[in-house]
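Here is a short report on pockets and helix packing. Look over the sequence and the model before reading on.

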Amino acid sequence: MKIIRKETDHCEERKGSVKPTFLIIHYTETKNLTDAEDYFMGRKDHPEGGRVSAHYMIDQDGSIVQYVDEAKRAWHAGVSHWGGIDDINLHSIGIELVNPGRKYGYQPFPVQQMDALVRLCKDIMSRHIISPHRVLGHSDVAPTRKQDPGELFKWQTLAQAGIGVWPEPGEEDRRMASDYVRDKNSLKEAFLTVGFDPQADMNSMVVAFQRHFYPEAFTELDGKGRVNETMAARLHWLVRNRPNL
Ligand SMILES: [Zn+2]
């Protein structure tokens, strides 16, 4: 696998020599790779302020660039949380996919880009112990602030390639689903069990969950933000299959 190396000083040591156990996927929300790279390399200021970076960026044609050594902490996740862990940057490897995003016209991720992502993830996971449940999107770990990589990202395809999880609800999950639809408290408890930030509001969690595990919500009439039984069954599958970390 060809990886172009470019070095940025937008990184630091991982405190306490923490080993990465999360893989976080983003989109750049830029017109092209160069515009995102300008932020990574400090050639331009990021619109949201602060210095940003990620370990890897994958262009739409599938070419891969590495900016930060995996042993170092890159600055991609910001204020974030999953499963009781607050500093996701410290515990993760970050991968950016070039995509215009919300700002410049969100579009599907090309096959070449997804193929390259699969190869890169497999390569990373051969070196680090990353649970499939910890292959996540930026919106999973920062649901109130972030939407990337968004509902057009094919998590199911990724899971079929052996990276991450995709729920396959059975009878038991469908039975539990109506509870979640009816009862906001059990719904919230399920989100927290899966790993979401207890500080996040309910609607942000629902929409973030949909972006990852129930993208159909975005093509259904008024589906966004609405909990139905199909979505809830997938949530319960995740609750049941959550690893003991
Ligand atoms: Zn992001």
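Which element gives the most to the lining of the largest pocket? Helix H1 does, with four residues. Keep in mind that this is a predicted model.

Strand S3 (22-27), helix H1 (33-40) and helix H3 (101-104) are the elements that give two or more residues to the lining of the largest pocket. Thr28, His46, Glu48, His138 and Lys146 are the lining residues nearest its centre.

In the second largest pocket, the residues nearest the centre are Glu151, Phe153, Lys154, Pro215 and Glu216. Helix H6 (residues 155-160) gives the most to this lining, with three residues. The second largest pocket lies between domain 1 (3-160) and domain 2 (171-240), because both give residues to its lining.

| Pocket | Volume | Lining | Classes in the lining |
|---|---|---|---|
| Largest pocket | about 680 Å³ | 31 residues | nine nonpolar, 12 polar and 10 charged residues |
| Second largest pocket | about 210 Å³ | 13 residues | six nonpolar, three polar and four charged residues |

**Helix packing**

Helix H7 (residues 171-182) packs against helix H8 (residues 184-194) at an angle of about 110°. Their axes are 5 Å apart. Angles of 65 to 115 degrees count as roughly perpendicular, so H7 is roughly perpendicular to H8. On the H7 side, Asp179, Tyr180 and Arg182 make the contact. H8 brings Lys184, Ser186, Leu187 and Ala190. By class, the contact of H7 with H8 has three nonpolar, one polar and three charged residues.

Notes. Residues numbered from 1 in each chain as written. Predicted model: local features only at pLDDT ≥ 70, side-chain atom pairs only at ≥ 80, totals over all residues. Heavy atoms only, no water. Axes fitted to C-alpha atoms, helices over the stretch in contact; angles between N-to-C directions. Parallel < 35°, antiparallel > 145°, perpendicular 65-115°, else oblique. Contact = heavy atoms within 4.5 Å. Nonpolar A, V, L, I, M, F, W, Y, C, P; charged D, E, K, R; others polar. 1 Å grid on protein atoms, 1.4 Å probe; cavity = no way out; pocket = protein on both sides within 12 Å on 5 of 7 lines; lining within 4 Å. Points joined across faces, edges and corners; volume = space filled by probe spheres on them. Domains from an automatic or database assignment.
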